[in-house]
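The stops below go one at a time.

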Amino acid sequence: MNSMEIANLYSTIDLLNITESLCTGFAQTTDSEETFELLSNGVTVVKKQSHALTDLLQEDHLPNPPVYSAEVTGSKKRVFSDQIIVSHMAGLFGSLLSLYGYSLGSVMKHDLLAAYIAHIAKAGAFSEKVTKFLIKKEWLEKVHGAIQREL
């Protein structure tokens, strides 16, 4: 792996680990089963991606970024509304997709390229679920599309 691939991979795994911890903490404070399920699915998505990318580092005998799961307390005290929690999660997945796209520019290894492309598809699909959830709850307005005109 070249130095740019390593740096971008490390940054991506770090963001995945931060996202996992935030989603875990947010999930334990929500009252809504629907929000809890969405956050739990988010944790599953980022855990799988983090493990897959960490394996790539280990293949080259490189250290893993720190995990933050021990930083999540057991508190169930509600601090943020579900709207803020889910909006924050949408932003984190947007940042993740941007980081994946940026990282593609430095990729020379085919296995890393394939991993990024697969992870972009999965993170994008989950990001779409989050956006639909926000629209359904009327916390986000649906962006207008093209006008349907018949000639």
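Is threonine 29 buried or exposed? Select threonine 29: at 12% relative accessibility, it counts as buried. Here buried means under 20% relative accessible area, exposed means over 50%, and partly exposed lies in between (1.4 Å probe, protein chains only).

Before moving on, note that this is a predicted model, in which local features need pLDDT of at least 70, side-chain atom pairs count only at pLDDT 80 or more, and totals for chains, interfaces and linings use all residues. Residues are numbered from 1 along each chain as its sequence is written, and side-chain values use heavy atoms, with hydrogens and water left out.

**Stop 1: the α1–α2 loop**

Stay on threonine 29. It sits in the loop between α1 and α2. Helices are DSSP runs (H or I, at least four residues), and they are numbered from the N terminus. Show the side chain of threonine 29: one of its polar atoms lies 2.9 Å from the backbone oxygen of phenylalanine 26. A polar contact is a pair of N or O atoms within 3.5 Å; within protein, one must be able to donate a hydrogen and the other to accept it, and residues adjacent in sequence count only if both atoms are side-chain atoms.

Now select the surroundings of threonine 29. Leaving aside neighbours within four places in sequence, threonine 29 is in contact with Ser75, Lys76, Lys77, Arg78 and Ile85. Contact means heavy atoms within 4.5 Å.

**Stop 2: helix α1**

Select residues 3-27, which make up α1. This helix has 25 residues and reaches 36 Å from its first C-alpha to its last, close to the 36 Å expected at 1.5 Å a residue. The expected span is 1.5 Å times one less than the number of residues. Go to the N-terminal end of α1. Asparagine 2 caps it, with a side-chain oxygen 3.0 Å from the backbone nitrogen of methionine 4.

**Stop 3: leucine 39**

Select leucine 39 in helix α2. Its relative accessible area is 0%, so leucine 39 is buried. What is leucine 39 in contact with, leaving aside its neighbours within four places in sequence? The partners are Cys23, Phe26, Ala27, Ile85 and Met89. Draw a distance to glycine 25 as well: the C-alpha atoms of leucine 39 and glycine 25 are separated by 9.4 Å, and the two residues are 14 apart along the chain.

**Stop 4: helix α3**

Select residues 82-104, helix α3. It has 23 residues and spans 33 Å from first C-alpha to last, close to the 33 Å expected at 1.5 Å a residue. Colour the buried residues of α3, among them Ile85, Met89, Phe93 and Tyr100. The buried residues of α3 pack against α1 (3-27), α2 (33-59) and α4 (110-136).

Now pick isoleucine 84, also in α3. At 48% relative accessibility, isoleucine 84 counts as partly exposed.

**Stop 5: salt bridges**

How many salt bridges does a search of the whole structure find? The search finds six. A salt bridge is a side-chain nitrogen of Lys or Arg within 4 Å of a carboxyl oxygen of Asp or Glu.

- Select glutamate 20 and lysine 47: their side chains meet at 4.0 Å, N to O. Glutamate 20 lies in α1 and lysine 47 in α2, so the pair ties together parts that are 27 residues apart in sequence. Glutamate 20 is buried at 14% relative accessibility, while lysine 47 is partly exposed at 36%.
- Select lysine 136 and glutamate 34, which meet at 2.2 Å, N to O. Lysine 136 lies in α4 and glutamate 34 in α2, so this pair ties together parts that are 102 residues apart in sequence.
- Select aspartate 82 and arginine 78, with 3.1 Å from N to O.

**Stop 6: positive phi**

Most residues other than glycine have a negative phi. Select histidine 61, in the loop between α2 and α3. Its phi is positive, about 55°, although histidine 61 is not a glycine. Histidine 61 counts as exposed, at 74% relative accessibility. Finish at glutamate 138, in the segment after α4. Glutamate 138 has a positive phi near 65°, and at 70% relative accessibility it counts as exposed.

Notes:
Helix = DSSP H or I, 4+ residues; strand = E, 2+ residues; numbered from the N terminus.
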